[in-house]
Amino acid sequence: MSQPQETRFSSVADCRRDFPALHQQVHGHPLAFLDSAASAQQPESVIQAVSHYQQHDHANVHRGVYTLSHRATEAYEGARDKIRSFINASSRKEVILTSGTTESINLVAQSYCRPRLQAGDEILITHMEHHANLVPWQLVCEQTGAKLVAAPINKAGELEIDAFDKLVSDRTRLIAVAHVSNALGTVNPVKDIICRAKARDIPVLLDGAQGVPHMSVDVQALDCDFYAFSAHKMFGPTGTGVLFGKEALLEDMPPYQGGGDMILEVSFDGTTFNELPYKFEAGTPNISGVIGLGAAIDYLLSVGMENVAQHETQLLEYMMQQLSNIDGMRLIGTAATKASVQSFLVDDIHPHDLGTILDHQGVAIRTGHHCAMPVMDYFGVPGTARASVALYNNRDDIDQLVNAIRKAQQIFS
Amino acid sequence: MNAIDINQDDELRDLYRELILDHARNPRHFHKIDGATHTAAGINPLCGDKLRVYAKVDGDVITEASFEGSGCAISVASASLMTDLVTGLSVQTALDCFAEVTERLTSPGQHVGHDIGVNLDKIRALDGVRDYPSRVKCATLAWHALNSAVKGQSQPVSTE
């Protein structure tokens, strides 16, 4: 079982020592890992929690009457309670464990939307969505004859809120918006969006994959109807995620997948489904991943989400300043309110070439379209380079990034 | 600025050789061919490279080859070098080149080349990508598109 960490940080800067993967050389340089928006590194405590479970407690959950199965079930359900408390859901029934943000959103598309949508109905998203908050809606629209509507953004990468408002119609059945844009770093005015949606009785889903790792999230204060996120962006394992949904909505939704664990009684005449949250958790879940997520939450709480947010905001500001000082730099995503992420282009160097040259100097960044091709189309670029900061990054990482970019400019000069 | 290790500098220069940078900056045959007899698109979804290769085949000879699109230095340079090379070759010889180039760039260690009667020395400038598994796809993209074009396949090829 995971051991909750004691609060022992004098500053967030101390976090770095807890992440074993960060302490290595890449191509003869210290690793500057600036791709946490794609997948974050894991602290020792998460690695230990997963390993402890695998070495001592592994058995299937919710089934056996023996000791190991009890331990596995306790650790797994204990993690669900940690998640509930972390996002302040009102009940553990509202915490559905999935394989990640993508599955969480597909679940809502197929189980909430598909039975309700009629031809001519609309789902409203924004132009800055990750493909995971776009393609599932496209699919359910194709299945039902509904229409997918995307609200525009401006050159800073901010949502055009007035235009968004005008696109909300009598046919809008769901609004789905990124809490934080993965490609641009924009923090969307989600409270405002939810307020306006409530006034018209339209449910709102937030794609929180890039929100939860960087700021404290309270689903009751937000009053969102669904909130989806992934463990691996918040220092937990891959293949694990969460769908928060309001109990009343979840109760009304049919199961997403059929199988074991989601049933009460099965006969050839029919099946009685299990209660929430198990109704949506068919088959053996990712037990170790969920336990790892529980440990990641313990870790984040020990650091304090306010400290995380403050550290990252300062670091992002420093990164934006330092990047701006480079001749030929084009920053993409300059919203007034941002978190973690900076996309950019340098001279006419293709992001992929830049990524290779940076890797050679120990700097890991993401290059490409960031699963947000409509965003790239809007800015008229095939892709960007993207650096993202997490609680373990520091100014040395940023300086190493800047030096590596200057080196790339030399090679391409 | 940080001092850059000499060996690493060499490694990077081995990938981004002058010939590659030259072809990336000033790609040859970078246009559409009106009246092309064969064409195919190549897409590398990983980095967003999108190329379209054109060929004009007369009898069994490629009389003209070209490409357009956007991509990284490696994919553009490779397309430029390829269109230079295959112009004037028979379709079969161009396919032999495709097989030879893709085998050389994707086979680990020393590749034993086959004599296909074409001087591939210039293409050797791309050999540096063998150390970069994620970049091999960039270097072979145009070749896959050419292969698809001359075989008359209409689906865009992907190097994923």
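Predicted model: local features only at pLDDT ≥ 70, side-chain atom pairs only at ≥ 80, totals over all residues.
Me: Why is A:Ser90 called exposed?
Reply: Count its neighbours. A:Ser90 has 11 other C-beta atoms within 10 Å. The cut-off for exposed is 12 or fewer. So A:Ser90 is exposed. It sits in the loop between H2 and strand E4 (95–98) of chain A.

Me: What makes A:Gly333 buried?
Reply: A:Gly333 has 24 C-beta neighbours inside 10 Å. Buried needs 20 or more. Therefore A:Gly333 counts as buried. Its place is a loop too, between strand E13 (329–332) and E14 of chain A.

Me: Which residues does A:Gly333 touch, leaving out those up to four places away in sequence?
Reply: Among them are A:Gly157, A:Ala183, A:Leu184 and A:Gly185. A:Val341 and A:Gln342 are also included. A contact requires C-beta atoms within 7 Å.

Me: How far is A:Gly333 from A:Pro115?
Reply: The two are 218 residues apart in sequence. In space they are 37 Å apart, C-alpha to C-alpha.

Me: Why is A:Asn88 called partly exposed?
Reply: A:Asn88 has 14 C-beta neighbours inside 10 Å. A:Asn88 lies in the loop between H2 and E4 of chain A.

Me: What makes A:Cys371 partly exposed?
Reply: A:Cys371 has 17 other C-beta atoms within 10 Å.

Me: How do you know that the bond joining A:Leu276 and A:Pro277 is cis?
Reply: Look at omega. It is about 0 degrees, and the peptide bond is cis. Most peptide bonds are trans. A:Pro277 is in the loop between strand E12 (270–273) and H9 of chain A.

Me: Which residues of H2(A) and H9(A) meet?
Reply: A:Ala72, A:Ala75 and A:Phe86 are among those in H2(A). In H9(A), they include A:Ile287, A:Val290 and A:Ile297. By class, this contact has 11 nonpolar, two polar and two charged residues.

Me: What makes H3(A) and H4(A) roughly parallel to each other?
Reply: Helix H3 (residues 101–113) and helix H4 (residues 135–144) of chain A cross at roughly 25 degrees. The limit for roughly parallel is under 35 degrees. Therefore H3(A) and H4(A) are roughly parallel. Their axes come within 9 Å. H3(A) passes H4(A) in a right-handed crossing.

Me: Which residues of H3(A) and H4(A) meet?
Reply: A:Ile105 and A:Ala109 are among those in H3(A). A:Trp137 and A:Leu139 are among those in H4(A). The contact divides into seven nonpolar, two polar and no charged residues.

Me: How is chain A divided?
Reply: Chain A has domain 1 (12–38 + 304–407) and domain 2 (49–301). Their C-alpha centres lie 27 Å apart. In the contact, 25 residues of domain 1 of chain A meet 23 residues of domain 2 of chain A. H10(A) gives the most to the domain 1 side, with five residues.

Me: How many residues of chain B are in contact with chain A?
Reply: 20 residues of chain B touch 18 residues of chain A. H1(B) supplies the largest share of the chain B side, four residues. That side has 12 nonpolar, five polar and three charged residues.

Note on methods:
Residues numbered from 1 in each chain as written. Chains lettered and ligands numbered in written order. Domains from an automatic or database assignment. Contact = placed C-beta atoms within 7 Å. Helix = DSSP H or I, 4+ residues; strand = E, 2+ residues; numbered from the N terminus. Nonpolar A, V, L, I, M, F, W, Y, C, P; charged D, E, K, R; others polar. Axes fitted to C-alpha atoms, helices over the stretch in contact; angles between N-to-C directions. Parallel < 35°, antiparallel > 145°, perpendicular 65-115°, else oblique. Left-handed = near helix turned anticlockwise from the far one by under 90°.
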